[in-house]
Amino acid sequence: MPLRHEARAALACLALAGSVPRAQAEVASWYGSGHRTANGERFVPDGLTAAHRSLPFGTRVRVTYGGRSVVVRINDRGPFIAGRAIDLSRGAARAIGLAGVGRVHLAILG
């Protein structure tokens, strides 16, 4: 069955943007200030969302830290600090016990 145009575009975007390979170790942080996200949603600090520089909005990513994992949905852009790959919402960070900045494993679920 051929991929729909939207699916092909999303896959091309991931390939061109240097997407996160399955279970790659990356540096993560969290943020909790209220604002509008880059996709226009109201930011919910206790939600299970995250900011990433290049993954398409709506992409689900499994984030694992210290043996605990959470699935987040990309709805914002960032982080804007060099060396960090993903900014988790406060709720997502709490779910895995991330208290500041830490090395996590990321797996794109789609």
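1. Next along, Ala51 stands opposite Asp76 in β4. Keep in mind as you look that this is a predicted model.

2. What joins β2 to strand β4? Three bridges do, and the two strands run parallel. You can find β4 at residues 68–76, while β2 covers 49–52.

3. Now look at the other partner described here for β4. Strand β3, residues 60–65, is joined to β4 by six bridges, and this pair runs antiparallel. Within it, Val61 stands opposite Val72 in β4. Together β3 and β4 make a hairpin with two residues between them. In the turn, Gly66 has a positive phi of about 55 degrees.

4. Step back and the strands form a closed barrel of six, in the order β1-β5-β2-β4-β3-β6, with mixed pairing. On average, neighbouring strands of this sheet are turned by 45 degrees against each other, direction ignored.

5. How many helices and strands does the protein chain have? There are two helices and six strands. Following the sequence, they come in the pattern α-β-β-β-β-β-α-β.

6. The structure holds one aromatic pair. Its rings belong to Tyr31 and Phe43: their centres are 4.7 Å apart and their planes meet at 20 degrees, so the pair is stacked. The reasoning needs just one cut-off: planes under 30 degrees apart count as stacked. Tyr31 lies in strand β1 (residues 24–31) and Phe43 in the loop between β1 and β2, so the pair ties together parts that are 12 residues apart in sequence.

7. Are these two residues buried or exposed? Tyr31 is buried, with a relative accessible area of 13%, and Phe43 is buried too, at 2% relative accessibility. Both calls follow from the rule that buried means under 20% relative accessible area.

8. The charged end of Arg77 sits over the ring of Phe57, 4.2 Å from the ring's centre.

9. Finally, some totals for the whole chain. Of its 110 residues, 35% are buried. The accessible surface comes to about 6100 Å², and 57% of this belongs to carbon and sulfur atoms. Among contacts between residues at least 6 apart in sequence, 71% join residues at least 24 apart.

Definitions and conventions. Residues are numbered from 1 along each chain as its sequence is written. This is a predicted model: local features need pLDDT of at least 70, side-chain atom pairs count only at pLDDT 80 or more; totals for chains, interfaces and linings use all residues. Side-chain values use heavy atoms; hydrogens and water are left out. Rings of Phe, Tyr and Trp (its six-membered ring) pair if their centres lie within 6.5 Å; planes under 30 degrees apart count as stacked, over 60 as edge-to-face and the rest as tilted. Helices (H or I, at least four residues) and strands (E, at least two) are DSSP runs, numbered from the N terminus. Buried means under 20% relative accessible area, exposed over 50%, partly exposed in between (1.4 Å probe, protein chains only). A charge sits over a ring if NZ of Lys or CZ of Arg is within 6 Å of the ring centre and within 35 degrees of the ring normal. Two strands pair if DSSP finds at least two bridges between them. Axes are lines fitted to C-alpha atoms, for helices over the stretch in contact, and angles run from 0 to 180 degrees between N-to-C directions. Contact means heavy atoms within 4.5 Å. Accessible areas come from the Shrake-Rupley method with a 1.4 Å probe; for residues, only the protein chains shown count as cover.
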